[in-house]
Amino acid sequence: RANATACAHRQEDEDECAQIALDIILEALKSGTASNFGQYICGFEVCAGNDYMSLENPSYSHSPLRDVLDIATSLTAASSRPQIYEKCLQVIYFLCETPQTSQYFVEYLLSSYAGLAHLIPDILFGPLPVQRSSQVASLYHRAWILRILAIEVFSADVGSMAVGEIVIALLKALFEVHGSVQFHSSLAGMLKGVLAQAPKERWLGDSLGNSARKMLTQLDAESLLNPKLLEQGEGAALVATWRGDVVIDTDALKDELLSRYVAAVSNNSDLVESLKEAAKHALEHADELNHFTEYTGGVQSIANGAQAVVLATAAGKFDLILQACENPNIVSQYLCMAIQDCTSVLECGASGCMDGLGVALECMASRLREVTSFEVEHSSQVFSLVATSLLGRQLGLIWGARQQESVRIPMYNTLCVYLDMIHNSKKMEAAVKEESINVLYQNMRSLQPLVGDSMSSQVPLATSALMTLAALLSYDPTTGVASSVHSSPLPTKILQDVQDADPRQLASAIFSSRSYADLLEA
């Protein structure tokens, strides 16, 4: 037992030293300074006359980078030393991301560690831990791994057959198909699982009876833990975690509740136990709010990582996918599956996911349009899916995002891509086209945010909304969309804007002028 205690203390001392060393390295790497201390200590050296640095192979010498890689590639360190593991992943990410070190380091990761492929099944797609603190750490581990994989996929020199095979293996592991009826990719399955276990935002006292709530009122706990007050910087004292999440300072809250408890008990000694339970509930509620904040931050980080992977794949290495599949039909099927996966995750409406995945969805839809422009055998099935299911779900997403202005532009752009695909399809059956119009009519309420955004003072948002309305007006063979637009203040505003505008601006080729012209023509 004594030996075990001594080993535990020695491990704690080693971890404390490792934390300090990693913090020093990360601070230097994040500084953005060229040829910084963090890069030198990891074994990088300046190449004379070049804007990049060479890397001494960590396998040949004992260096901090070798220790970092040993920890990051361990399948046990993620659970036994979660904070150190996360910081090691950060070191790897910043070395991959920094232009001066990216070339050699990405090449080294791919050639020596197969691009960290062995972390995908166990760490990235493994089950989420049960403990709260471990859950948040696991979310961030997954997010950093996704970011590293995205850079590897995007930066890899696939001119080498060996590197190309490694990248294809990474993509297959990320987008492996699962399911027997409802198909989904590994990446989408992980995202859905993370969202399914997300904590619900609870209100103070919602699980208590009336008498217990009265005790919370005696302590005036609402003034400390009301979410709106906390957002405004009022209420309980706040503190930043080492990751930067702003949470409730539970130590300060405990002191404040104790002070209020003493004051309340002094006026009524019969309430000692009831007030004590109320204070305990308030502290537990603060812990729940903190967990909700940190979990939400982790989900947002994963969504950004997933977006990076999708963009690196669809934008950076799309030709490699076509080459690997040797058949546009297969690519279109995989893209359709990935689009449906992404749409399903967006339909969950999870805070923090919408921005990143909205952009990823737009990118995949654009690539699907590109693939189906070829004369492929099963493109009619793809067009049918886009014209009915995806069209309706995208309109539903727009309606669901009516309170989230920042995410609507990519959603509008995606809808335009779908409408363009359907409008220009030569293989669309009449029955499918009719069903598509019915889907549009069933989602007419989605025109409300579109019309509102078309009158926005923010030029990018207004332009995107106007282009989408123009596409809808051109697509609808009836007067349904036109009637809805005509009954709104939009036509009057557009005519007034045209009347007030400089004729030279209207005649120019700028994007916003064209959108007005397109809408008026439609």
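**Surface patch, salt bridges and a pocket**

Ile24 has a relative accessible area of 41% and is therefore partly exposed (between 20%, under which a residue is buried, and 50%, over which it is exposed; 1.4 Å probe, protein chains only). The model is predicted, so local features need pLDDT of at least 70 and side-chain atom pairs count only at pLDDT 80 or more, while totals for chains, interfaces and linings use all residues. Residues are numbered from 1 along each chain as its sequence is written, and side-chain values use heavy atoms, without hydrogens and water.

Ile24 sits in helix α1, residues 2–30 (helices are DSSP runs of H or I with at least four residues, strands are runs of E with at least two, numbered from the N terminus). Together with Ile20 and Phe37, Ile24 forms a nonpolar surface patch with about 290 Å² of accessible area.

The structure contains eleven salt bridges (a side-chain nitrogen of Lys or Arg within 4 Å of a carboxyl oxygen of Asp or Glu). One of them joins Arg260 to Asp220, with the closest N and O atoms 4.0 Å apart. This pair links distant parts of the chain, 40 residues apart: Arg260 is in helix α14 (residues 250–267) and Asp220 in the loop between α11 (210–219) and α12 (222–225). Asp220 is partly exposed, at 40% relative accessibility.

Arg393 and Glu347 form another salt bridge, their closest N and O atoms being 2.9 Å apart. Because Arg393 lies in helix α19 (residues 379–400) and Glu347 in helix α17 (residues 328–347), the pair ties together parts 46 residues apart in sequence. Glu347 is partly exposed at 42%.

Within helix α15, Lys276 and Glu273 are three residues apart, which means that about one helical turn separates them. They form a salt bridge with 3.7 Å between the closest N and O atoms. Both ends are partly exposed, Lys276 at 42% relative accessibility and Glu273 at 49%. Elsewhere, Glu86, Arg243 and Glu294 are linked in a network of salt bridges.

Helix α15 (272–316) also contributes to the second largest pocket, as do α13 (227–231) and β6 (246–248), each with at least two lining residues. The largest share, five residues, comes from α15. The lining has 15 residues, and Glu201, Pro227, Leu230, Glu231 and Thr293 lie nearest the centre of the pocket. By class, nine of the lining residues are nonpolar, three polar and three charged.

Methods:
1 Å grid on protein atoms, 1.4 Å probe; cavity = no way out; pocket = protein on both sides within 12 Å on 5 of 7 lines; lining within 4 Å. Nonpolar A, V, L, I, M, F, W, Y, C, P; charged D, E, K, R; others polar. Patch = residues over 30% accessible without salt bridge, like charges linked within 9 Å, V, L, I, M, F, W, Y side chains within 5 Å. Areas by Shrake-Rupley, 256 points an atom, 1.4 Å probe, with all protein chains shown as cover.
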